[in-house]
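The model is shown first, and my notes follow.

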Amino acid sequence: MPKLLFRKRWGDPDGMPEERRGKMDLSIYFRSVMEQDSCPVVICNGEHEIIYMNQAAAARYAKSGGLGLVGRSIFECHNRKSKEMIERVVS
């Protein structure tokens, strides 16, 4: 579960009661939801590398490499104007 959600409910995620930690790992559920979504989902890390694509995204971006884009920079598959917009959002 993202730390932000922990903070809303528990304060500091490291301060969450031990008996609840194992019950709060929802990452498998989030991944399942994203895999079932018909909308393309692409997630990048802080270095702008694509770290996840669901099947809808792989199909949508098949001509650009599909799942082969995972591990590459998001800037490699966008034109100059798109790169500028992305840079404004992540800055």
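**Charged pairs and cysteines**

I began with Glu76, which is partly exposed at 49% relative accessibility; here buried means under 20% relative accessible area, exposed over 50%, and partly exposed in between, with a 1.4 Å probe and protein chains only. I note that this is a predicted model, in which local features need pLDDT of at least 70 and side-chain atom pairs count only at pLDDT 80 or more, while totals for chains, interfaces and linings use all residues. Residues are numbered from 1 along each chain as its sequence is written, and side-chain values use heavy atoms, with hydrogens and water left out.

I then looked up the partner of Glu76 and found a salt bridge with Arg72, the closest N and O atoms lying 2.8 Å apart, where a salt bridge is a side-chain nitrogen of Lys or Arg within 4 Å of a carboxyl oxygen of Asp or Glu. Arg72 is partly exposed as well, at 31% relative accessibility.

By this rule I count two salt bridges, and the other joins Glu84 to Arg80, with the closest N and O atoms 3.3 Å apart. Both residues lie in helix H5 (residues 80-90), four residues apart, about one turn of the helix; helices are DSSP runs (H or I, at least four residues) numbered from the N terminus. Glu84 is partly exposed at 36%, whereas Arg80 is exposed at 65%.

Turning to the cysteines, I found zero disulfides, a disulfide being a pair of cysteine sulfur atoms within 2.5 Å. The sulfur of Cys44 has its closest cysteine sulfur in Cys77, 8.0 Å away and so too far for a bond. I recorded Cys44 as partly exposed at 29% relative accessibility and Cys77 as partly exposed at 30%.

Methods:
Helices (H or I, at least four residues) and strands (E, at least two) are DSSP runs, numbered from the N terminus.
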